[in-house]
Structures are given as structure tokens and as C-alpha cells.
Amino acid sequence: MGTEKYVIALDQGTTSSRAALVDRAGRMVDVVQRPFQQIFPHPGWVEHNPQEILFSQLGSCTELIARHGLTAANVAAIGIDNQRETTIVWDPATGAPVCNAIVWQCRRTAEMVERLCGAPEMSATIRAKTGLLPDAYFSASKIAWILENVPGARERAEAGELLFGTVDTWLVWVLTGGLVHATDPTNASRTMLYNIHEGRWDEELLALFGIPASMMPEVRPSSGLFGETSYPGLPAGIPIMGVAGDQQAALFGQCCFAPGEAKNTYGTGCFMLLNTGSEARASEHGLVTTIAAAPPNVTDTQYALEGSVFVAGALIQWLRDELGIIRTAAETEALAQSVPDTGGVYIVPAFTGLGAPWWKPDARGAILGLTRGTTRAHLARAALEALSYQICDLADAMAADAGGALDVLNVDGGASANDFLMQFQADLLGRELRRPANTETTSLGAAYLAGLASGFWSGTDELRGLRETDDVFRRTMDPSRADALLAGWHDAVRRVL
Ligand code: ADP
């Protein structure tokens, strides 16, 4: 191996861009973070300025490089992970985006998706080809909106003068000096235009949304060479060797390389992914089938089941900001531990409906089982328990869809710091929970993908070996008590439904 000491991970998130320096021991030596503006032009619309995404990302990277006096010779490779689905269309002749990026959260195309994909046969076709449930969330309708609404965009796109990319593609294109227009299968699988079984852009879906194939990036393996840096202000010639969407990067960063390995991120919401190996499992419980990042020696497409919980850490924020019964999120841990149970209180946090496996968008939340003796400690405990119950339902749905295998749950995200939550989760699931010492798993995943491809690390076994300092949570609760608590939760959910 050469003199390279580090891999750089670029973590392009929804609210900030980060650059992290990762050494051979898998330690994050340093991180630079730059927030950028969220643009809300109309109710339900969310945009980012692509140049701001770029400058926040490059700014964090150049600061990291300057702080550590790095040259191209010390950096083995760059890996990128990114907010998924967010859509950018630009003119490669000038490098100028034709409009702001349409962010994954943006609902402006909800009606279009209903119109184009609402028929049951079309919905089934999209499911079968892309693994997704048709939604405005994914890139397809966002590209169509730009072509329909930006003056001249359709003509220019049809003349082959415009390119589409998710944020990874935009960054790779700019960082390589406009040489490389490419994405990876994990990002492609979130566009609703990619056939995840055949591994190609789908002509029927491109036609449905009126998108010229010439706009679409080449799809390259997540772990492999994308191109070399060639951008003013950055050392030239650093290879970009890893690309993945943020959730798949986190799955990889958690070392979930084998079927049956899963991760859950406890953030504002939860994102849970289960590796199903080379088998694409269709869900019967409202989950989506997606492509997982594969190490360089694995040539078969790797798949995952993905599910989300809309309200997780957001419930703790609500206790803090709306009810005012706690001052900090972390305080819920001691509060929950100060009482032996919730005294029969259940919170069903269906603020924005119930997601998988229930899929009731118009359900609303409830607090059940209140008595005169209910205290804020009971409510804090009930809130943390509600997070765990939702994850339990998701895990059960995943295990059923995957044919029974969900061996270990790896956890990360802000709320995974809560030991009460983790222990209660392990008690309910009856499966082992593993919390890595470094919960910045998205950045780690991007670094791992790049470092495996460049030979910085020898293989996935070496990466597993870097993770020895985990906290492990195992069931200590009597299984019959866990069953009784879950039965109470399901009863509460039924009342909300
Ligand atoms: P995101 O990336 O979605 O913004 P983070 O992963 O940073 O979220 O996690 C922040 C969320 O986790 C917040 O909703 C917060 O309420 C919750 N949270 C943070 N720390 C704790 C804690 N110790 N116990 C419970 N919830 C927590």
C-alpha cells in the first residue's frame, strides 16, 4: 500500500453537507459540517439551490483538507453518500442547473403521480419493476415537473442538451470537471425509473414520465472508480471510488453485508433496512424493495427491504417543544427509568398517519390509558416505548416479507444514544441490538465503499474487525411480559384505526 493515510467521506445530507476524514482503523479523525438553506416557495414545496449544495460540500471538503495539510498523495479515495431522490437538471455546456433542486420531501408532484400511476395496473407495473410504491417522493415525477414547467427545458432535453442527476451525480459531474455523468444502483433504485431486476433504466417508465433517455446517467457499481477530482481548489487526481444513497450507505457502514443483517436509524423518523442478499423480496406489508450497496467483489445485485416510521425522535421533540414536559431529549432516559412502567399509558404518534405495516395516512395520534396518577415520567416512558413498538411492527413485517430472517438489529441515529430505548427495544424484539461506537454510519459507509475499491481496506472481514467496541443490548424482560405489552400497543393502534 502507498502513503495514503485516509479516505474522505462526503456526506451530502438534507440540511447540511459534511466531509469526514477516516483513517485505516476506521476512525473518524475529523468532520467539517456546513449547513445550507432550505427553500419553501409554496406550502408543501421544498427546494435546495444546487450551487449551495455544491459549495457547502466543497467548502467542508477543502476545509478538512487544509486543516490536515492533505495532498492527493495522502488520500486513497473519496466516497460520497447523499440525500436520496432529490432531483437536479443541468446544462452540461454551461454547468448551470435549469432551476433549483426539487427535494425528496417536496409534494408538488403528488397529483401528477396520482394521474400517471394511479391505475392499479400501472401501480403494479411500477412495483414490479422498481420495487417502489408510486409516490411523489421519488425522482421520476420531479424530472417530469421540471421538463413541463421550466421554459424551454423539454426542447433542450429532447435535443440532448440537459442532464439529470440525483445529488451524487451532480457532485461527481462537478468534481470530475464535467467528465463523468454517472450514478450508482442504490441511487438509481430511488428514481422510480430503474428496473431493479434487469439493472437498467426502464423505457416504459421513462416514456410514462416523458423523460428522454439521453438525460439519464450511466449506472456504475457503488464501490468502484467513478472518476478523479479535477476542480479548482481541490487537489487534482483523487479517485472517487464510492457512491451510495444515505440509507444504503448507513446499511453498509453498519457492516450489514450479509442477508438477515439489518439497521435502524432512530432520527426524526426511523429508516430501517434489511439486507436480503441477491434476492429481491417483494413486500406484502407496505415496505419497498431497494438495491443495497455491494462490495467490489460481489457482482450480483444486492437487495434490501426498506421501511420507515414517520414520527420517532419527532415525538420526543413534541414532548419538549409543544408539551414542554422535558427540557432536553436526553432527559427522557432518566425520566423513563424513574418509573417501573407507563402505568398503562400508550402513545400512538400517528401525527401524519400510520406508515408500514398499517398504511393509514388519515389516522391521527392518541394518548390512551391516562389516569389521575399519570406523570410526565409515565408520558416520557410511553413516548420512548412508542418508538420501540413501531420498530417492532416494522421488524415483524420485514421478517415476514424476507421469509423469517432478521438476526441482528444494528442501530444508529440521534435517539440511539438513549439506553432505556435500546434496552426496551431489545426486550420487545427478542433479538440482539448492536450500537457501534461511531454512529456516523452514513459517512462510514461512503468511506468503506471507496476504501474497499481502492484497496485501502482488504475486504469486508477487515471492516467487521474494525467494529469491536459496540454496545450490545439483549432481552432481559420475560417474553410473556413483552407479549403482553405488545398486545396492549396493538390494541391502542386498533383504537386509533
Ligand atoms: P435527524 O438526522 O433525523 O435530524 P438525528 O439522528 O440527529 O435526527 O436525531 C435527532 C432526533 O433524535 C431528535 O428528534 C431528538 O428528539 C431525538 N433524540 C436525540 N437524542 C435523544 C435521546 N437521548 N433520547 C431520545 N431521543 C433523542
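**Entry 1: L449.** I began with L449 and found its place in helix α14, which covers residues 441–454. The model is a predicted one, and I keep that in mind for every entry here. Is L449 buried or exposed? I looked up its relative accessibility and found 0%, and because buried means under 20%, L449 counts as buried. I then listed what L449 touches, leaving aside residues up to four places away in sequence, and the list holds S222, S223, M241, G242, V243, A244, F252, A293 and A294. I also checked L449 against A330, and the two are 119 residues apart in sequence and 33 Å apart in space, taken from C-alpha to C-alpha.

**Entry 2: the domains.** Next I turned to the domain assignment of the protein chain, which gives domain 1 as 6–246 and domain 2 as 256–435 + 467–497. I noted that the C-alpha centres of domain 1 and domain 2 lie 29 Å apart. How many residues does each domain give to the contact? I found 17 residues from domain 1 and 18 residues from domain 2.

**Entry 3: the second largest pocket.** I looked up the second largest pocket and wrote down about 280 Å³ of space for it. Of the 19 residues that line this pocket, P185, P221, A294, T299 and T301 are the closest to its centre. I sorted the lining of the second largest pocket by kind and got 11 nonpolar, six polar and two charged residues. I also asked where the lining comes from, and domain 1 and domain 2 each supply at least three of its residues.

Entry 4: The volume of the largest cavity is about 100 Å³. Its lining has 15 residues, of which V309, L354, G355, A356 and Q390 are the closest to the centre. Which elements give two or more residues to this lining? They are β19 (302–309) and α12 (376–401). The lining of the largest cavity divides into 10 nonpolar residues, four polar and one charged.

**Entry 5: strand β1.** I moved on to strand β1, residues 6–12, and noted that it is mostly covered, with seven of its seven residues buried. From β1, Y6, I8, L10 and Q12 point one way, while V7, A9 and D11 point the other way. I recalled that in a regular strand the side chains alternate between the two faces of the sheet. I looked up the partners of β1 as well: with strand β5 (residues 75–82) it pairs in the parallel sense over seven bridges, and the bridge partner of A9 in β5 is G79. With strand β2 (residues 16–23), β1 pairs in the antiparallel sense over seven bridges, and here the bridge partner of L10 is A19. A hairpin of three residues joins β1 to β2.

**Entry 6: helix α6.** Last, I looked at helix α6, residues 167–175, which is mostly covered, as nine of its nine residues are buried; among them are D168, W170 and W173. After α6 comes G177, whose phi I noted as positive, near 65°.

Conventions: Residues are numbered from 1 along each chain as its sequence is written. This is a predicted model: local features need pLDDT of at least 70, side-chain atom pairs count only at pLDDT 80 or more; totals for chains, interfaces and linings use all residues. Side-chain values use heavy atoms; hydrogens and water are left out. On a 1 Å grid over the protein atoms alone, a cavity is a set of points where a 1.4 Å probe fits but cannot get out, and a pocket is an open set with protein on both sides within 12 Å along at least five of seven lines; lining residues have an atom within 4 Å of a point. Grid points are joined across faces, edges and corners, and a volume is the space filled by probe spheres set on the points. Helices (H or I, at least four residues) and strands (E, at least two) are DSSP runs, numbered from the N terminus. Ala, Val, Leu, Ile, Met, Phe, Trp, Tyr, Cys and Pro count as nonpolar, Asp, Glu, Lys and Arg as charged, and the others, Gly among them, as polar. Buried means under 20% relative accessible area, exposed over 50%, partly exposed in between (1.4 Å probe, protein chains only). Two strands pair if DSSP finds at least two bridges between them. Domain bounds come from an automatic or database domain assignment. Contact means heavy atoms within 4.5 Å.
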